[in-house]
2 protein chains.
Amino acid sequence: MTYKIIGQPLPRLDARGKVTGETEYPGDRAMPGMVHMKILFAERPHARVVSIDTAQAEKVPGVLAVFTAKDVPVNEYGLQINDQPVLCGPGSQKEGGDIVRFVGDQVALVVAETEAAAAKARDLIRVTYEDLPVVSDPLEAMKPGAPLVHPELGDSNVCVHYKIRKGDVEEGFAKADVIVESEYRTPFQEHAFLQPEAGLAYLDEEGRITVEAAGQWTHTDRKEIAHALGLPEEKVRVIYPAIGGAFGGREDISVQIALALAAWKLQRPVKIIWSRRESIIGHGKRHPMTLRARWGATKDGKLVAAENEIIADAGAYMYTTNKVLGNTTITSTGPYFIPNVKTDVYGVYTNNVPTAAFRGFGAPQGLFMAEMQMNKLAEALGMDPVEFRRRNALKEGDTLGVGTPAPGPVTVRQVLDAAAEKFGWDESAKGAMQDEGAVVRRGRGFACGFKNVGFSFGYQENCWARVELHGKAEIEQVVVYHAGAEVGQGTHTVMAQMAAEAVGVPYEKVTMVVSDTAVTGNSGSASASRMTFMAGNAIKGAAEAALKKWQAEERPAIAEYTYLAPKTTPFDKETGHSMPNFAYAYAAQAVEVEVDTETGHVRLRRVVSADDVGQAINPALVEGQIEGGVVQAQGYAVLEEFKVQDGRVLTDQLSTYLIPTILDIPEKVESVIVEVPDPIGPWGARGLGELPFLPLAPAVAAAVHDALGVWIDELPLTPERVLRALGKI
Amino acid sequence: MTYKIIGQPLPRLDARGKVTGETEYPGDRAMPGMVHMKILFAERPHARVVSIDTAQAEKVPGVLAVFTAKDVPVNEYGLQINDQPVLCGPGSQKEGGDIVRFVGDQVALVVAETEAAAAKARDLIRVTYEDLPVVSDPLEAMKPGAPLVHPELGDSNVCVHYKIRKGDVEEGFAKADVIVESEYRTPFQEHAFLQPEAGLAYLDEEGRITVEAAGQWTHTDRKEIAHALGLPEEKVRVIYPAIGGAFGGREDISVQIALALAAWKLQRPVKIIWSRRESIIGHGKRHPMTLRARWGATKDGKLVAAENEIIADAGAYMYTTNKVLGNTTITSTGPYFIPNVKTDVYGVYTNNVPTAAFRGFGAPQGLFMAEMQMNKLAEALGMDPVEFRRRNALKEGDTLGVGTPAPGPVTVRQVLDAAAEKFGWDESAKGAMQDEGAVVRRGRGFACGFKNVGFSFGYQENCWARVELHGKAEIEQVVVYHAGAEVGQGTHTVMAQMAAEAVGVPYEKVTMVVSDTAVTGNSGSASASRMTFMAGNAIKGAAEAALKKWQAEERPAIAEYTYLAPKTTPFDKETGHSMPNFAYAYAAQAVEVEVDTETGHVRLRRVVSADDVGQAINPALVEGQIEGGVVQAQGYAVLEEFKVQDGRVLTDQLSTYLIPTILDIPEKVESVIVEVPDPIGPWGARGLGELPFLPLAPAVAAAVHDALGVWIDELPLTPERVLRALGKI
């Protein structure tokens with residue numbers, strides 16, 4: 001279908017401000033009378049705070065206050081459960097509120113007239129700790145008798161256990177001609193946003209505690225702040241200035257409550273900027289997992305059974321682990337039909353940095369395992385891996401591991417064929433790109449991915465929007481109110497395009513009013529690849545209601561609308577049976593790598609990414625998302641190694657935690673935009689944000705295997721691991 | 001202090017509409033395409049719903065749907081805890097969701113084109129019940145081994161236990177010259193609002209499920225509806241049309257969820273009106289209590305010790321019992337300083353109609369006991385009861401039972417003196433109004449009362465308001481947005497007066513936009529005598545912020561403000577030590593009664609009520625509240641006997657449950673408005689709504705004693721009880 005504004009590669013609304021430097025990020029915000037905060041982090045993985053002596057700190061000239069646990073009205077928070085103290089220490093009314101459980105737990109807040117005075121005072125706080133036993137390995141932490149991270153929550157560190165029981169795996173394996181069994185390991189990953197955590201809090205003209213910070217969901221930030229301060233939500237306001245990247249790492253609270261508490265107690269504007277090191281130890285990471293898989297197929301290339309056991313490190317607090325692992329559970333069989341499945345997925349508390357949302361939300365790990373299994377099975381069967389995937393790709397009506405089909409058009413075959421065609425995948429080549437004699441060898445690899453759109457497991461997905469139509473005879477201006485966070489993905493541009501299309505006016509007539517709880521309703525999080533889908537439906541609903549009022553001669557015509565997505569259901573406890581999602585999107589990637597057998601260095605020469613976005617609202621932004629996702633996944637696949645020892649972070653700077661630079665990124669990323677409309681998506685759109693991240697790591701691992709003839713089952717594929725696999729070290 | 005508009009007896013904003021009949025109450029609302037609902041109540045106190053057969057019902061012509069437990073997305077609700085199923089029956093995902101626990105539990109909803117068809121179909125629903133043992137007496141229900149009302153919540157029916165431990169009562173009693181020990185019984189009370197529960201639900205233009213019904217807190221209604229429907233709150237809208245009385249009885253959900261569910265499922269407007277009988281069995285009542293007291297005083301008239309044990313019937317669900325009994329705990333020592341106090345207060349689940357908020361919120365029962373003890377002690381000491389009260393009245397800084405002083409000016413002495421003076425209380429008369437020979441005897445009685453203003457026990461009290469100033473050079477119109485419910489008390493008139501005073505414009509320039517969650521923030525409940533105090537502070541804050549903007553030349557100048565009351569704290573579990581409230585108000589009443597010793601009939605000849613309202617915003621409305629409170633308390637004291645047998649309501653019509661008619665009410669109610677400003681009240685105002693109810697019952701009981709020479713310790717003082725006390729039956 002052709003639309004007027006939908007489908008146009010229009011320039012981003014925020015382009016000029018960001019390019020000229022006019023745009024203010026939270027770290028750029030300032031106010032008269034502003035004072036500065038520093039946080040005393042625990043810097044130890046597990047200990048009881050016996051006492052905190054702030055006497056010397058308070059004497060530092062310019063210091064206004066030192067806050068500890070006793071100053072927090074309701075000393076707890078958390079996005080899923082309130083298992084984390086705002087400040088750890090004595091005087092907390094929370095059970096276990098005097099325990100620090102990871103290095104980034106916060107112990108005291110210092111506010112002073114200058115940053116230097118706050119830092120000096122922070123360093124003069126004397127804390128007496130009683131160290132407690134540290135559990136840092138989730139496999140050890142699962143064992144009965146292991147020291148408990150949260151004794152107040154139960155007698156085991158296992159905080160999540162999901163089961164899939166579909167068909168009968170033993171019957172399935174009995175039919176198998178080949179069986180592949182492997183154990184995989186995936187690492188922590190750091191979001192490494194451009195802008196570390198920062199913010200400014202103050203009382204606005206109407207006496208509300210106002211926090212300007214970078215987050216992903218204004219309304220849950222507000223809720224968590226209000227809860228900790230024991231205040232009604234109306235008394236708290238959250239505003240997002242420009243956000244320098246998020247990727248899931250800003251879904252959980254970082255500086256928001258601390259800033260609000262200080263601004264409220266002192267009745268003055270308070271500012272903080274975290275250093276890169278504070279950011280790295282202070283916010284959640286991607287879940288590292290150990291994934292054990294045993295899959296069987298018949299010699300005609302049909303999957304018959306899959307048995308999986310996955311253990312994920314939840315770190316010190318829940319954050320969104322319960323939801324992330326639900327997604328790992330669903331994706332761990334790939335976008336394939338497997339009649340018999342048995343899967344157990346565990347989340348385990350440790351004294352490591354908490355693990356949290358990160359682009360893909362549990363899918364990259366599940367899919368790394370599934371796609372590695374697919375490539376190994378294809379090899380074992382002597383079959384081309386693309387052809388093997390074709391034979392097993394989910395079709396309309398095929399059931400997932402959860403026992404129900406994926407809703408909406410299932411387009412695994414379309415993206416698979418599109419990627420193979422664009423790449424020029426030669427099935428007869430049978431993976432022979434390598435030249436065994438060469439020092440630098442080439443290989444190609446293939447993988448697929450899929451991802452739900454929106455929140456899952458029975459949560460009633462919803463999104464708010466308000467549309468105002470101004471003018472007299474004609475609509476002169478359209479004002480769209482929406483709380484969805486512009487985290488760098490271009491969502492406000494996409495929203496303005498959708499509003500212009502819905503109202504039937506040029507794009508230039510749309511003004512966006514965004515991300516301020518004082519003037520917008522709850523639009524949900526900028527995560528789960530949901531924003532285009534949910535906001536589009538909300539804006540469409542509001543625009544239609546406003547147009548009705550316009551036609552009834554209301555001036556201005558104003559309408560609010562909350563879109564509700566179709567219902568979903570949670571996992572059955574014993575079998576996982578459910579309808580966990582209302583929409584999915586699909587991707588496939590083919591890659592070509594170059595491996596230096598002397599240095600072990602893996603270089604991406606070419607990536608073809610085919611992503612079904614349903615309908616591209618703005619193709620330039622779709623390409624931007626695909627390229628960004630591929631680069632971030634490349635870091636995950638070959639470069640980024642987050643090291644933790646006994647709960648302590650060894651890679652706490654970007655000098656030791658290496659992310660891709662301009663010299664590292666793939667030589668060529670070719671985006672293939674597939675558009676099979678989802679009937680319930682706005683103008684057919686699905687979700688995209690996480691999709692291009694998903695297939696890359698297993699495709700690269702397959703390409704390295706193609707180049708070297710060895711399988712490396714642990715990410716990232718660093719030079720050290722490559723050389724070790726080659727037997728050279 | 002003199003104000004321009006505050007203090008004027010201005011006419012009510014809603015007077016004309018109510019007098020002419022133009023005003024629409026929920027039962028008057030209608031829409032095109034509207035259909036009708038009837039509810040199938042359980043009509044049995046305790047049973048498991050084994051099956052529900054709706055086949056015959058569904059065949060009735062005009063029937064659109066029959067809904068049962070399986071149709072409710074999240075089948076639970078409750079203002080404090082979610083212990084009640086929306087619909088009781090099989091297929092409920094809630095543990096114990098198939099159990100009915102009182103006669104008014106709801107089992108099925110029928111919607112049809114006509115009321116008659118809905119009623120016919122309701123009567124054709126066949127429910128198979130398995131009866132369970134009924135506990136109807138809270139004293140029996142407390143005993144170990146009693147059948148459990150909520151086995152899913154624990155192994156006892158005791159759902160609340162509060163303790164006060166102040167000083168040492170044994171030491172106190174050792175110093176006492178007289179000790180009075182008694183057991184009192186107070187009854188259920190039915191709110192008997194003019195208008196039974198009714199409402200209309202539909203989808204508004206913007207697709208929100210909109211419920212128009214009579215309640216006390218739009219925003220908690222919305223929250224409870226959204227929870228049960230598994231929807232975001234933005235998708236639900238609650239509007240209050242005119243409300244025909246509330247008195248606490250509309251704080252809990254009645255028809256709201258049922259209507260919303262049906263309108264949402266059928267996408268049509270749905271209406272319901274409860275009959276008086278449905279209202280009586282369907283909504284909560286005042287808590288009946290058994291109150292045991294042992295109080296001691298020295299011969300110079302100083303209280304030295306009080307020991308109390310109070311057992312309250314919570315009925316089948318929690319409603320607000322936990323909060324009501326907190327208030328009983330505080331008021332059970334009266335507005336007097338007692339150095340040594342031991343109190344235990346229990347709430348017990350039974351299979352009776354749930355007990356809930358009712359004007360006074362636990363204070364009438366606590367104060368009935370306390371004031372009876374005071375009058376009996378005065379008699380035992382041979383001291384005038386007013387003088388005895390003077391010697392013990394709380395003074396500034398005196399601690400309550402909770403171990404902390406009441407905040408704000410403590411004015412027991414002022415109201416006591418004002419009431420005695422107005423009444424012409426002759427202390428030398430020593431209670432000798434009766435003429436022992438006469439058939440009709442006269443007596444006089446005196447009692448005091450006090451009540452917190454606003455929510456207690458650590459809840460951060462808050463109230464939202466928005467003020468818009470329109471005009472160019474001058475302010476031409478002030479629009480006040482507020483969600484506070486006009487339950488008949490005149491609060492919107494009071495708000496408009498306060499807004500006019502705050503902005504400095506005539507009253508006529510103020511327009512109120514009220515009680516619609518789509519356009520107002522959360523202003524809290526019309527209860528706890530809080531509305532004038534909280535709304536006044538909120539409107540003042542918003543008006544001041546708007547005036548600042550006006551002065552900065554903003555046109556229109558718009559500001560929102562959420563007022564936060566000072567912090568309070570919950571009871572210490574073992575001692576009750578706390579600062580539970582931020583404001584109190586005080587009252588005293590003197591009454592004269594006439595008792596017919598042949599018929600047993602008690603007639604109120606004269607009531608003098610002195611109430612410290614801090615500052616009367618509208619004296620005509622203050623008098624209206626005092627007169628209304630006295631009449632309702634008269635019903636409680638002498639007339640209203642709510643009878644329950646084995647969980648079944650015997651007085652389920654106003655023909656058997658007798659409330660005062662015009663012929664019953666006191667011949668003369670004289671209001672004495674005392675005005676000692678509360679420094680944190682708006683223009684000094686305190687709260688009034690519940691105050692005049694409080695002293696009446698014990699004052700009447702004292703007057704009956706004065707007339708007859710006998711103490712009657714059980715309410716109401718019906719002819720039967722009077723004759724029994726006289727030994728005549």
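Colleague: By what turn can chain A be laid on chain B?

Modeller: This is a predicted model, where local features need pLDDT of at least 70, side-chain atom pairs count only at pLDDT 80 or more, and totals for chains, interfaces and linings use all residues. Superposing by least squares on the C-alpha atoms of residues with pLDDT of at least 70 in both copies, chain A goes onto chain B with an RMSD of 0.0 Å and a shift of 0.0 Å along the axis, and the turn is 180°. The two copies are thus related as by a two-fold rotation axis.

Colleague: And what percentage of the interface residues of chain A are also interface residues in chain B?

Modeller: Contact here means heavy atoms within 4.5 Å. The copies meet through the same surface, because the share is 100%.

Colleague: In what order do the strands of the open sheet with β16 in chain A run?

Modeller: Helices (H or I, at least four residues) and strands (E, at least two) are DSSP runs, numbered from the N terminus, and two strands pair if DSSP finds at least two bridges between them. The pairing in this sheet of 4 strands is mixed, and the order is β16-β21-β22-β25. β16 (440-452) and β25 (669-674) of chain A each have a single partner strand, so one side of each is left without a neighbour in the sheet, and the edge strands are β16 and β25.

Colleague: At about what angle to β25(A) does helix α15 of chain A run?

Modeller: Axes are lines fitted to C-alpha atoms, for helices over the stretch in contact, and angles run from 0 to 180 degrees between N-to-C directions. Helix α15 (residues 619-639) lies across β21 (584-596), β22 and β25 of chain A, and its angle to β25(A) is about 125°.

Colleague: Over in chain B, how many of the 11 residues of helix α9 are buried?

Modeller: Buried means under 20% relative accessible area, with a 1.4 Å probe and protein chains only. Val324(B), Leu325(B) and Ile330(B) are among the buried residues of α9(B). Helix α9 (residues 321-331) is mostly covered, and the count is 10.

How values were computed
Residues are numbered from 1 along each chain as its sequence is written. Chains are lettered from A and ligands numbered from 1 in the order in which they are written. Side-chain values use heavy atoms; hydrogens and water are left out. Buried means under 20% relative accessible area, exposed over 50%, partly exposed in between (1.4 Å probe, protein chains only).
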